[in-house]
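Take a moment with the fold below. The paragraphs that follow go from single residues to the whole chain.

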Amino acid sequence: LGDVYKRQLLYSGSGANSRMKARQALVSFEEEYENGVTHLAWKSPNYEVRLGDYRTKIEAQADLELIKDAFPTAFIKTDMIELPQLEKTPLTAIESK
């Protein structure tokens, strides 16, 4: 189902109001960016907002550069992910001469 690859951690916090702060970070991200795969998770004792299911660190680093001004504490973390779909070029017949 999943494997160990990279994802961005946009928010991680525990204690009073951490769930609300995590939701705020998630909403803030979704208002600023589109096409990002986000995850809100509780991993004792923290709520985390995670971005992306990246196959490589290079892919994760490219998006980190894009969001670092809005999310200066974001970083890349190794985690279990849902493997993203690979784009597949449709099969076409070669025309004979």
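Where is the place of S18? S18 sits in helix α1, residues 18-32. Helices here are DSSP runs of H or I with at least four residues, strands are runs of E with at least two, and both are numbered from the N terminus. This is a predicted model, in which local features need pLDDT of at least 70, side-chain atom pairs count only at pLDDT 80 or more, and totals for chains, interfaces and linings use all residues. Residues are numbered from 1 along each chain as its sequence is written, and side-chain values use heavy atoms, with hydrogens and water left out.

Is S18 buried or exposed? S18 counts as buried, because its relative accessibility is 4%. Buried means under 20% relative accessible area, exposed means over 50%, and partly exposed lies in between (1.4 Å probe, protein chains only). A polar atom of the S18 side chain lies 3.0 Å from the backbone oxygen of G15. S18 is also in contact with Y11, G13 and Y47, leaving aside neighbours within four places in sequence. Contact means heavy atoms within 4.5 Å.

Now follow the helix itself. α1 has 15 residues and reaches 21 Å from its first C-alpha to its last, close to the 21 Å expected at 1.5 Å a residue. That expected span is 1.5 Å times one less than the number of residues. The buried residues of α1 are S18, A22, A25, L26 and F29. Seen down the axis of α1, these residues fall within an arc of 100 degrees, so they line one face of the helix. The arc is that of the directions from the helix axis to the C-beta atoms. An α-helix has 3.6 residues a turn, so residues three or four places apart point the same way.

Helix α2 can be read likewise. In α2, A60, L64 and I67 are buried. They cover an arc of only 70 degrees around the axis, which puts them on the same side of α2. I58 and L66 are exposed on the other side of α2. Look at L64, which belongs to α2, residues 57-67. L64 is buried, because its relative accessible area is 12%. L64 touches Q8, A74, F75 and I76, not counting residues up to four places away in sequence. L64 and Q8 are 56 residues apart in sequence, yet their C-alpha atoms are 7.2 Å apart in space.

What do these buried faces join? The largest nonpolar core has 16 residues. Such a core is a set of buried Ala, Val, Leu, Ile, Met, Phe, Trp, Tyr and Cys residues joined through side-chain atoms within 4.5 Å. Those with the most contacts inside it are L10, F29, V49, L51, I67, F71 and A74. The elements giving two or more residues to this core are β1 (2-13), α1, β3 (46-54) and α2. V49 touches A22, A25 and L26, among others. In soluble globular proteins, nonpolar side chains tend to be buried together.

K77 lies in strand β4, residues 75-82. K77 is buried, with a relative accessible area of 16%. The side chain of K77 makes a polar contact with the side chain of E48, at 3.4 Å. A polar contact is a pair of N or O atoms within 3.5 Å; within protein, one must be able to donate a hydrogen and the other to accept it, and residues adjacent in sequence count only if both atoms are side-chain atoms.

Finally, step back to the chain. There are two helices and four strands, in the pattern β-α-β-β-α-β along the sequence. Buried residues make up 31% of the 97 residues.
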